[in-house]
Amino acid sequence: MANKQIPYKIYLDENEMPKAWYNLRADMKNKPAPLLNPQTHEPMTAQELSGVFCEELVKQELDTDTAYYPIPQEILDFYKMYRPAPLVRAYCLEKKLQTPAKIYYKFEGNNTSGSHKLNSAIAQAYYAKQQGLKGVTTETGAGQWGTALSMACAYLGLDCKVYMVKCSYEQKPYRREVMRTYGASVTPSPSMETEVGRRILAEHPGTNGSLGCAISEAVETAVKTECYRYVLGSVLNQVMLHQSVIGLETKAAMDKYGVKPDIIIGCAGGGSNLGGLIAPFMGEKLRGEADYRFIAVEPASCPSLTRGVYAYDYCDTGMVCPLAKMYTLGSGFIPSPSHAGGLRYHGMSSTLSQLYDDGLMEATSVAQTDVFAAAEAFARVEGILPAPESSHAIRVAIDEALRCKETGEEKTILFGLTGTGYFDMMSYEKFHDGKMSDYIPTDEELAAAVAKLPKVE
């Protein structure tokens, strides 16, 4: 395998860092369904989307045919601050579990933002700068995306307005202060600053908010503010494109050592890190060159893949964004204030939703206390304090490794460790003090939200 000529390698530099992003959709036989105009239910045009997003990002969003996008030199230079990111063999975890499985993780937390989010933040900020914009607006759940975008905007001299999900704003004050250190303004969402925020608060008094709420506010502010555009940290195709650097680097490292993963695991909220990790491996599967088992892991409190429906839905709670065909719990579903704030989104990437619906990957959901137990076990033997979001993948990686122990199978497991948990100590405190609960929505709650899906023929 190590000697086989692989086309993607021509897109790596001398340090085996990608020089181009890989567009997984180019290899998909069943393309993701198009975004629809919420009023006409017709496919969104580039002109319509350019009122919300940067023009170059709109091109990337709509392109389902171009396999590779060259990465601009200024972005490559920025990447070199923290890329290539390390691929680590979890020897200590393997020994602790006494498993015959080999466990690898791609660690994306070795940058100031503490997560993989910086890979797309710098790209989106770069295109906003190139377009001559003054600033951008966005939402953030756990705060990792907001932190990454604040850092990217500070680097390029752009204004940055962040709407942070209210429960995370309160649970993670230091993440908020990192954003402010980089010059961003941070508002808890839903807020009284926007029309849609006031409406959501009127309908859901005292709500802790959700990513869907924060998206609505950020989009409204972008549309109503001259020389601003909205940027998003997950869900969209353009974000998965930028995050493909994770998978490309991982595959290059594994190929170099002749290692082929049997199981690839990632946490799934909107889908950016999972999509980025699996991209080149899934591309091989789609082209019939290799086979892998892919597992998306989501919180039991917000189980869009495992308990949602595959349908067109609004991307935001305020119902101002385009409609996307995805696995969804309904845009009106507001998850419990779990500590994995970055996974509290009602829907899933349209690309990952299509792959899941086609049976090309699996999905499972895990309870919050089980996730933190896995995070603690990992931290004690591997020396990294993981983010709650990433710990969903750790939970399932450990479970699969223990299954190998039972069966005696020597499988190779790869998972994405997409962020650090040093700003999540309030969550760890609640876990250690026994004050953390496992809220799982009832079938009736989910049915009520799904019943309000838009009618699209």
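1. A residue is called buried under 20% relative accessible area, exposed over 50%, and partly exposed in between (1.4 Å probe, protein chains only). The model is predicted: local features need pLDDT of at least 70, side-chain atom pairs count only at pLDDT 80 or more, and totals for chains, interfaces and linings use all residues. Residues are numbered from 1 along each chain as its sequence is written, and side-chain values use heavy atoms, with hydrogens and water left out.

2. Rings of Phe, Tyr and Trp (its six-membered ring) pair if their centres lie within 6.5 Å; planes under 30 degrees apart count as stacked, over 60 as edge-to-face and the rest as tilted. The structure holds 16 aromatic pairs by this rule. One of them, Tyr 11 with Tyr 68, is stacked, at 3.9 Å centre to centre and 15° between the planes. This pair joins distant parts of the chain, 57 residues apart: Tyr 11 lies in the segment before strand E1 (20-22) and Tyr 68 in strand E2 (residues 68-70). Strands (E, at least two residues) are DSSP runs, numbered from the N terminus. Tyr 11 counts as partly exposed because its relative accessibility is 29%.

3. Tyr 126 and Tyr 127 form an edge-to-face pair, because their ring centres are 5.2 Å apart and their planes stand at 75°. Tyr 126 is buried at 13% relative accessibility, and Tyr 127 is buried with a relative accessible area of 10%.

4. A single aromatic cluster comprises Phe 78, Tyr 79, Tyr 82 and Tyr 155.

5. A charge sits over a ring if NZ of Lys or CZ of Arg is within 6 Å of the ring centre and within 35 degrees of the ring normal. Arg 176 lies over the face of Tyr 169, 4.5 Å from the ring centre. The charged end of Lys 325 is placed over the ring of Tyr 310, at 4.8 Å from its centre.

Conventions. Helix = DSSP H or I, 4+ residues; strand = E, 2+ residues; numbered from the N terminus.
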